[in-house]
Structures are given as structure tokens and as C-alpha cells.
Amino acid sequence: MVQRLSDAELEIMKIVWGDRSEVTLFPYIMDGLAARGKPCQKNTLIVLLSRLMNKGFLSAKKIGRRNEYTALVSEKQYQTAQTRSFLDKIYEGSAKGLVSDLIMGDLLTDEEYEELKGLLEKGMERT
Amino acid sequence: MNTVLKVFLSMSFSGSLLILVLLLGKRSLNDKISRQWQYYIWLIVILRLLLPFGPETTLLGEAYQAVDRSIAQVSPLPQQRPAPNAPGSVPAPVVGIGPDDEEADGPADDPVTSRPSQDVGTLLIDHIWLVWLVVALGMLIRKVTIYQGFVRYIKAGSTPVSDIEVLDQISILAQQLSIKKPIESCVDPLVSSPLLIGFFHPCIVLPSADIPKKDLRYIVLHELTHYKRRDMFYKWLVQITVCLHWFDPLVHLMSREIARDCEFSCDEAVLAQVGIGHARDYGNTLLDAMAAVGRYKEDLGAVTLSENKQLLKERLGAIMRSEKRSKAIQLLTGVLTLCIVFSAAFVGIYSVAAATDVPDPIKADDPSEMETLDLKGTSYYLVCNETQLRAIGTGEYGMDQNYMQQADIRLSADEWIPIGTWDDPFTGSYNGNGFEITGLTMTDPDAEIIGLFGVAKNAHIYNITLRDHDIASAGKNAANKSVGAILAIGQGSRSYDNFVYPKEAAVSIEDHPSEINRYYQADSLPLFEIAFSRLDVDTQKEWLERLYADGDFAFFSVAVRRLDEDTPLIADLAEKAYADEEMAFFSTLADCMEEAELELWLDRALEDGDWAFGSILFDKLDRSEEFDELEEKQQKEWAEAQTAEYEKAGVTMVDEKTYYYQGQLVNIFLDIRKEGSFYTLNMNPKGTVDIKIVRDENDEIVDVRYMTEAEVTELLEAMSDDEDRDDDDRQEAEEGKIWHPEVVPVDLNAVAAGEAILLGEYDLSDGDRIWFNISAETGSRMKVFFAKKDEQKDVVYWSVNSVRQPGGSLDCMADFTVGPPATSSGTYKLYLQALDGALGNVKGSISIGSAADAS
């Protein structure tokens, strides 16, 4: 089961996910947080990173004084897992309720709506 | 093992005394002394409680020994001796180190069980250490599990702090306190107040997520200070101490006191960090922390911000009163610390070493009690003293046992009874282990079996070193005796690797005179020296005379060193050496003389005018300065006499270079002594007259004459000849002869003042030529001369005595011909002497041309 992330942890994961290179370095995360307007202390980041590792989101490889971080859970995996738990909690597992809320609540733009429609039809064909 | 318990009890008692002193002291000095000090001073007490070391003599050491003795008398511990003659070829495993040891593997296979039940009580006493240990371990395990449970409980209910601000604040404060480790933090509503857990991965546990920022700062600072000072380790050290000294209520009291002091001193450290001005704020934070009430009693292991209300009140009071401490107090603190450290060291403990010194009543009764040692499945009885060694022979332990010596054993003069008889032979093994057995004595004239071991059958006897044994007189009257220093009769026994060194007197006296001759021939100085010291006086005298005659100075000097003091030999030899002018030999002999004797010799040498010997003697008497003075005086006297002599003849000698004759300054001054051995030639270019001293056969001045022009020319020519002539054309003499001289090279770095250096001995015959060509770099007067071999040195021949002219060189250049009337053929010694001060870097050569070789 994929655990929930705190806001700060999610910020870090986003930076790691956003990093195109295979591994992410400590200073890159520091800079990323600062760029997002959420700077933090070095030790704080260390604590947060170790929490992420404990939760199984990251793995770290120590090369000399340099730590290389790799994401173990992809952004997609996390989103899916979070959506599922969201669905379970709020809509008691009903995706229909969610979609109708999205439409009824005017939370979708027209383009998004068309896209969604297309996706639904494609999904029909697959079954 | 009870010894360990004894040590622990004594440590507990000493520690308790210290605790009492500290508690009382702190009551009176509460606020005056730094809280830090109050906290850390307990460490010394803990060390006293945990470390079984102390100085040799301690305050209470004696008391402990006294208690020990009285206990030993009241309840003597039963001795458990391994059953002798244990069944089976391999003796039963024997355990134990000391007489008050027990069988650790329980009473099941212990002979005690077979004894009456009265031993149960003593058994309990014997095993009381086990009770102590079990309780201590139990307590420790309980404390550890409680702590683990607590940590698990905290962890389970906690959520990590996700507020970046809080995390950042912790990071910043950690940096301020220069803590490198990242500090984890979490929120657990179950704890009543903030606390810190984890030894290596510290985690601050907060009771709630929203703590005001100011409070948070103090809380975090407080907890981080705990972490930084490693209070967790201190706490657990205290817990271990409490567990080990569980029977001591004062130690428990101390534990509580330390917990208090820990918080007090932490508060103090925090205030020092934030500044005393913030004392009130900090106090408020403490109160707020108390407001939230937790649901778990967490007084163990973790360091909390606040523990109970009573303590909190005291802490608040302390915080408000806190102030900078004066220099005087700091000094007082230092002195107190020293006092406590020293008292901790000297209050002492029950010393095991001292305990073994206490004459153990049991041990004293039975020193033959042998300990055992298991080696590769074989059990050895350890033999350490005479009683034990003799006990083997009595069969007390069994003739078939294995024995191993563990110490050098010096036997008393009591008659030795060999181990093993015909009726009861020794059948085991004895390993001397390289230790010595000295002084084995057997004198019984009727003894038939003589030796360390008497009769042995299939026994192994090895590695024994037997020294200074005396068995020569034993068995004189016995008709049928068997003697063997180690083993007299060995039936199928093996006796090997044993060393026997009989008493010195028993050595067959070797023939020292022949021995010493061998050493002398072999040129072995050290052996010669030793052998010489063993000779009787007459032989020593013979040897010394022989060495003297051989001129073997090295052997002579070591021999002299070995002479008895005040033997007449030295005086005799000295007399001889003095007469022979053998200075080196004389000097060696003088080394062995008393001061008074040296004085006598000195008087004699001075009387004889023998300056060389005088010099040695002054030197030996450590009065060489006196000698120098004397010599100077002598020279001065001589110079004065010379001046007076010239004066009488009408020549005024102002100094060595300035002469006046009849009011005129003398240019050439020539004074040739008897046989041409010694002449004074001085040239002063400013002078106007040339004079010549004429002497008669007795060297008395008979006339002073102006030199004729011819004489002057001859003299100058001779001198210029000396100067112009160099080595190559020297070989060509006026007569057209070619000389093939023997060249004596001279190359001396230094010649000490007054020293005459022997350059060699030469046979000179009529017609031979001698050339001197020597120069000295430094120094003022140099003399080169020959002396007859058998005569005193002061009758000189063919001598040149030159004086350095200011700015000039110091040379001895001369050309002599041997022959009548002045000189005769014979053996002469060639010397070079420094007359006035030392000479340096003397170089050149002396050439002696034999007339026979000249062509």
C-alpha cells in the first residue's frame, strides 16, 4: 500500500519526479524547494528525506559525501493510489459520483469534458 | 566469586560514604555552586561504584581486611579438595582458582552433597553472589524492556512533524548547539511533556503540534541540550549502577538526585545559551508544558522537559535565582572537585591483593594445599613451595598424579626425603616447567636412595632445574646406595630435559694456571681477567712480571685491576716501573694506589726532578693545575738563571730576543752548549754587534767574544744552506756522495704543552747525516732532539730548539753529522717536544742518512 505524504514530503517528491536525470542530488532538491518558494534548512531536508525513505518512496545511494536519490514510486502510481483512497473515503468507491461531481460542480472546462468523453468511449471499446 | 562480591560490597560502602558526603555538602551549598558541577560530580561517585581500582593503601582498605578476617574466623568456608586418586586414568576434572572458590556447575557432581546437610547454610553463603547477580541482571533486563516498551508506545502513537517551520526551527537550534546529527521530531498527544528519545537517532517528541513559537524554541533548546550532553548515556550509566548496587538504598537515592540535577543543570545550560534575561519566559514555558497532562508514566530512560510539580517548583526557583557565579565560587568549586576526586580514590575498596596478603587461617594451616590446572584433558597439581614439593613424597595426593612446578622453590636445609620408595614408587609425572629447585640437601650417612626422586616406575620426570644441591656426603655408611641428583632409581621411567648445577664448592677445581695460559695464548682479555682473579698471589706476581717483561700493556692493566687492594705487589711493580721509566705501566699501577701513596711517589718524583712521572702523579691526584704552576715556575727559574749567567758574562738579556752587550744591541747572538746538544741562536737585525758565548767543558761560560766576519759568514751560509736546501738536492752532499736517507714523516695534529713525542729509535753510527725539516702551524717553541736510549731524556743530542719570530714561521731546520768528538755511535731515541704551550699541525720530515748506504 502506498502511504500518504505530508505536504512537505509531496513537495520533495514532486521535485524528484520532475528531475529528468536518473538520480536526484541533494543540492538539486534544496534548489528546487527554494524555487518553489518553500526553502528549508538542510537538516530539515535530511529529516524529510529519511522519512520518505522509511515510507518507501525513495532510495538513497551514498557515494562518498554525495547522496543520490531515486524515486521508488512514480508520480502516476502515487496519484492513482491517492485517488483510490480519496474515492474510497469520499465516494465510497464510486467513480461515477466523482465524475458527476466534477461535471455538476463546473470543475471541468469544455475541452477537458470532451477529452474525458473520448477516454470513456475508448474505455468502452476495450471491454 | 565471593571475592568479586566482596569487592562490590566494599565499592558500595565506599560509594555510599561519598554519596552521603555529597548530599550533605550540596544541601548547604545548593545555589552557590554551578548546577553543572552538581550534576557531573556524581560521575566520580559512579566511577567509585563501578571501577574496582584504587591506590595500594586506602583509608578503608584496612577496615575491609579486618572485617574480612573476622568473617573468616566466624564461618570458615569449607575446603573442597579434589579427591585424591580419582578413579580412571584421567583424573576427574578439577576446578577452581582459589581456596574460597566453588564449583560453578552446581552441587550435583559436588562431593558436598554427600556430606551432612549442615553444609546447606554455608552453601547459601557461598552462593550469595549468585543471588546478587541474578537480582542485578533481573533489574537491568526489566529496565531495558520497560524503556523499549515505552519507546514503542511513543512511536506507535506519534505522527511526524510535517510543519516545515517547526522542522526548520529545530534545525537552526541544532546548528546553534553545533549538533551534526539531523534531529527527527514527532507529535504524540500521549506524552505529558516534550521529551527526547533515541541514543543515536535522536527524536524530539512533542505533546502537540501547535506549540507557540517561543515555547517551542525553549523546549527544543532544552531537549537538544540533553542530547548534546549525552544525558541519555549518563542516565543509563546511573541505571546500571543502580542495578548492580540494588541492595544499597543510598545508590537509589543518588539516582533520584542525579535525575534532579540533570534537569537543573540542563536548565542552567539553556539559560546560559539564551541569556539570563529570558529566565522568566523559560519558566513560563515549563509551566505551560506541565499544563498538558499525559497518560503515560515516562520517568525512565527518556529525558523529559518536566517531571513532577514539586521538582518543577524547585526548578522555577532555581531559574529565577540564577546569576553569574563569582570567581571565588569557581575556585571553591575547583577545590571541592579535587577533594572529592581524591577522597573517591582514597576511600578505597576491598583489595584482592591485600586480601591474599592476609594470613588466611586455613591456608596457614595447610600450605601444602595444591591448586590444579587442566591442560589438554590432563589435570596437573601445581607445586609452588617446599611443603607442596615434600607433600608429593608423602603420597598425600597420589604417586600416580601429574605435578607441575609453578615457581622457583628454595628448599630449607632440612634433610630431603626422596620422592618414591621401593614400596611406593612414584608413577606419575613431574614437570619442572623450567623453574628451579635450589638447596636440596641430603646428609644422612645411612641413606641408600639419594636424589630428588628416589624410586620411580614408568614415571616421567622432566624440565627440572636442580641447583646448588648438596648430596655428596649422604649415604657414606650405606653399603648399597643409589645416587642420582634428579632420580636415583628409575624403573622404566623417563627423566629428560633436566639440568643439574651442583654447589659451587663441589666443582672440581680447574687448573687455573694452565687455564689462564690458554686464555693468554688465545689473546682473550676478558677470560684472562677472570682467570687471573682466581690465581693465588704468587702466581699473580709471576704473571704480572711476565706481562711487564713482555711489555703487554693491555693484559697487564686488566690484571692489575684484578689485584687485591693493598697488595705489596703494586708497590713492587711501581718501583720497577719507576726505575725503568715505564710511564704507561706506572700510570696503571698508580690507578690502584691510595692517595697517601701517590703523595709519597709525587714527592719522590719531584725530588728526582722527574717531570714526566710528576705530571702523571699530579694528574692522578687531580692536581694537574699545580703541576702546570710548578712547571712554569721551573721554567721561569731556569730563564732567570740563564739571564743571571749571561749577566755575569756581561750580556744583558732583556727578553729572549733582545740582548745587549757592553751597551750595544746584539745582532747575532750565538750560544752553543756542550756537545752541540743545545744552542741558542738569536738574530736581531737592529743590532749592531755579533757576539758568541764561549763555554768550557763543564758548560761554564768562560768568555764572550765578538764574532769574526768569517765566523758570521759561515754561520749565515750554514743558515741559508738550511733554508735553500730542499729534499731533492739534500741527497747530494758537498762530498758528492748520494745519500739514501730513511725518511721519518712527521704529521701531528697537536702536541700538548710540555709533551715530548717519541718518533722512533735509530741506530746511528759515525758519518751518518741527520736532516730536520719540520714546521708547526701554531705554537711558539718547538724542540726536536735525539737522546741516548739508555740515558735520561735531558741529555740531548743534535737538537734544534726554535722560537717563533713575530709574524714568522716556527721551523726546525737542521743538518747534523754524527761523529766525534761531540757524539758517538749508538742507539738513540728521536723526540719532538712542545716547549712553550701546545703545538698544532706539526708537519714535515726527519731524514736519517746512513753513511754506509751512501754512494
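## A pair of helices

In chain B, the axes of helix α2 (residues 35–50) and helix α8 (residues 231–244) come within 10 Å and cross at roughly 40°. Helices (H or I, at least four residues) and strands (E, at least two) are DSSP runs numbered from the N terminus. Axes are lines fitted to C-alpha atoms, for helices over the stretch in contact, and angles run from 0 to 180 degrees between N-to-C directions. Angles under 35 degrees count as roughly parallel, over 145 as roughly antiparallel, 65 to 115 as roughly perpendicular and the rest as oblique; α2(B) and α8(B) are therefore oblique to each other.

On the α2(B) side, I46(B), L49(B) and L50(B) meet L237(B), V238(B) and T241(B) of α8(B). Residues are in contact if their C-beta atoms, placed from the backbone, lie within 7 Å. This contact has five nonpolar residues, one polar and no charged ones. Ala, Val, Leu, Ile, Met, Phe, Trp, Tyr, Cys and Pro count as nonpolar, Asp, Glu, Lys and Arg as charged, and the others, Gly among them, as polar.

## Basis of the model

The model is predicted: local features need pLDDT of at least 70 and side-chain atom pairs count only at pLDDT 80 or more, while totals for chains, interfaces and linings use all residues. Residues are numbered from 1 along each chain as its sequence is written, and chains are lettered from A and ligands numbered from 1 in the order in which they are written.

## Nonpolar cores

The largest nonpolar core has 72 residues, and I12(A), V45(B), I170(B) and V205(B) are among those with the most contacts inside it. Such a core is a set of buried Ala, Val, Leu, Ile, Met, Phe, Trp, Tyr and Cys residues joined through C-beta atoms within 7 Å. Helix α9 (residues 249–274) of chain B gives the most to this core, eight residues.

## Where the chains touch

Twelve residues of chain A are in contact with eleven residues of chain B. On the chain B side, helix α6 (residues 164–176) supplies the largest share, six residues. That side divides into seven nonpolar, two polar and two charged residues.

Leaving out residues up to four places away in sequence, E761(B) touches K789(B), T827(B) and K829(B).

Notes. Contact = placed C-beta atoms within 7 Å. Buried ≥ 20, exposed ≤ 12 C-beta atoms within 10 Å, placed from the backbone.
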